[in-house]
Amino acid sequence: MKVIHLLRKKPLASTTFPYLVTSDNYHDLASKNVDLLEITEIDQQFYEMLKQAPSKKLGIEITVSNLRATGGQKLAKNVALIKSIHSFTEKYGNQLVLTSGASSVFEMVSGRCFDALLKLCDIKPETYWISLNNWLEHKINMRCYACDA
Amino acid sequence: MPVTLKRRYKRRYILVLYRSSSEELLSMTRGKTVNMFGYVFAQKASLKLIDKIGPDLHVIRCRSEFLGEVLCALMLIGNEHSAVVLDVSGTLRSLRSRAVIKKDVIEAILSTTSTKC
């Protein structure tokens with residue numbers, strides 16, 4: 001089974017395992033090293049920065065654990081946000097990444113639930129999974145890896 | 001005019017992993033459905049508690065037309081306890097037969113995670 005490691009900093013030397021560099025600060029959009037950006041709060045400045053981001057094919061991560069913490073009006077706003085980010089990322093060559101954000105077995109989210117959430121956000125699950133797969137393959141294959149001794 | 005039978009609405013059975021009582025799961029799901037989609041929708045979805053398999057596995061039933069929304073509500077419930085949807089089925093018999101296998105796997109996973117903690 002292939003596991004993709006999520007790292008906070010880009011390793012100095014080449015690794016034997018596939019990885020993605022993550023960040024939760026959207027001011028890191030200017031950095032070319034970041035692959036995946038987790039967002040919780042968003043404003044108009046984010047959209048402007050995303051337009052001008054030097055690295056295309058950037059992943060914008062939204063976690064279900066963050067959605068769980070909200071309710072009512074805020075949750076509705078977040079659902080609208082997912083929809084708007086999806087259309088925005090499609091336009092500027094980036095990728096929306098929905099994750100569970102789970103820290104235990106009891107917080108995990110099944111594929112069927114992700115599909116339901118995507119449908120709620122007016123996103124076709126088939127197109128989302130295909131584009132996510134292509135994005136992951138692109139991110140993993142663009143790097144050089146060290147051989148296992 | 002052709003005579004048609006009055007058909008009963010289709011149902012879906014959902015197997016949920018939840019670390020609390022079944023009643024709490026049902027009330028939390030209803031509450032979240034009301035919160036997200038409204039009272040009328042929650043009533044139409046006709047959520048019902050069907051079974052409990054082991055200490056953490058629960059079976060709830062809903063109308064098939066509202067399955068997507070109920071799954072969303074289940075996914076987003078709880079701050080202390082969150083629910084994990086393990087399986088969805090059209091018949092209770094097939095769900096139960098699959099649940100027996102899943103129960104063993106889950107117990108094995110939980111025992112390994114609890115020993116790690």
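1. Chain B contains four helices and four strands, where helices (H or I, at least four residues) and strands (E, at least two) are DSSP runs, numbered from the N terminus. Along the sequence of chain B these elements follow the pattern β-α-α-β-β-α-β-α. The model is a predicted one, in which local features need pLDDT of at least 70 and side-chain atom pairs count only at pLDDT 80 or more, while totals for chains, interfaces and linings use all residues. Residues are numbered from 1 along each chain as its sequence is written, and chains are lettered from A and ligands numbered from 1 in the order in which they are written.

2. Overall dimensions and burial of chain B. The C-alpha trace of chain B spans about 65 × 30 × 20 Å along its principal axes. Chain B has 117 residues, of which 30% count as buried; a residue is buried if 20 or more other C-beta atoms lie within 10 Å of its own, exposed if 12 or fewer, and partly exposed in between, with C-beta atoms placed from the backbone. Among contacts in chain B between residues at least 6 apart in sequence, 64% join residues at least 24 apart. Two residues are in contact if their C-beta atoms, placed from the backbone, lie within 7 Å.

3. The sheet of chain B. Four strands of chain B form an open sheet in the order 2-3-1-4, with antiparallel pairing. Its edge strands are strand 2 and strand 4 (84–89), each of which pairs on one side only. The twist averages 25 degrees from one strand to the next. Strand 1 (residues 11–17) and strand 3 (residues 57–63) of chain B run antiparallel and are joined by seven bridges; two strands pair if DSSP finds at least two bridges between them. In this pairing, B:Arg12 has B:Cys62 of strand 3 as its bridge partner.

4. Helices across the sheet. Helix 1 (residues 22–37) of chain B lies across strand 1, strand 2 and strand 3, at about 35 degrees to strand 3. Helix 3 (residues 67–75) of chain B lies across strand 1, strand 3 and strand 4, and runs at about 160 degrees to strand 4. Axes are lines fitted to C-alpha atoms, for helices over the stretch in contact, and angles run from 0 to 180 degrees between N-to-C directions.

5. The nonpolar core. The largest nonpolar core has 50 residues, and B:Val16, B:Leu74, B:Met75, B:Ala83 and B:Val85 touch the most other members. Helix 3 of chain B gives the most to this core, with six residues. Such a core is a set of buried Ala, Val, Leu, Ile, Met, Phe, Trp, Tyr and Cys residues joined through C-beta atoms within 7 Å. Leaving aside neighbours within four places in sequence, B:Ala83 is in contact with several residues, among them B:Val16, B:Leu25 and B:Leu74.

6. A buried glutamate. B:Glu69 is located in helix 3 of chain B. Why does B:Glu69 count as buried? B:Glu69 counts as buried because it has 20 C-beta neighbours inside 10 Å. Neighbours within four places aside, B:Glu69 is in contact with B:Thr33, B:Phe37 and B:Phe41. B:Thr33 is 36 residues from B:Glu69 along the chain, and their C-alpha atoms are separated by 7.7 Å.

7. The interface. Contacts between the chains involve 19 residues of chain B and 19 residues of chain A. On the side of chain B that touches chain A, helix 1, helix 3, strand 4 and helix 4 (92–116) each supply at least two residues. By class, this side of chain B has 12 nonpolar, six polar and one charged residues. Ala, Val, Leu, Ile, Met, Phe, Trp, Tyr, Cys and Pro count as nonpolar, Asp, Glu, Lys and Arg as charged, and the others, Gly among them, as polar.

8. Strand 4 of chain A. Five of the five residues of strand 4 (residues 59–63) of chain A are buried, so this strand is largely enclosed by the rest of the structure. A:Gly59, A:Glu61 and A:Thr63 point one way from the strand, and A:Ile60 and A:Ile62 the other way. Strand 4 pairs in the parallel sense with strand 3 (residues 36–38) of chain A over three bridges, and A:Leu37 stands opposite A:Ile60. Five bridges join strand 4 to strand 5 (residues 95–99) of chain A, also parallel, with A:Val97 as the bridge partner of A:Glu61.

9. Backbone points for review. Most residues other than glycine have a negative phi. The phi of A:Asp122 is positive, near 60 degrees; A:Asp122 is found in the loop between helix 4 (111–120) and helix 5 (125–141) of chain A. The phi of B:Ser46 is also positive, near 40 degrees, and B:Ser46 is in the loop between helix 2 (39–44) and strand 2 (48–53) of chain B. A:Asp122 counts as exposed because it has 12 C-beta neighbours inside 10 Å, and B:Ser46 counts as exposed with 12 such neighbours.
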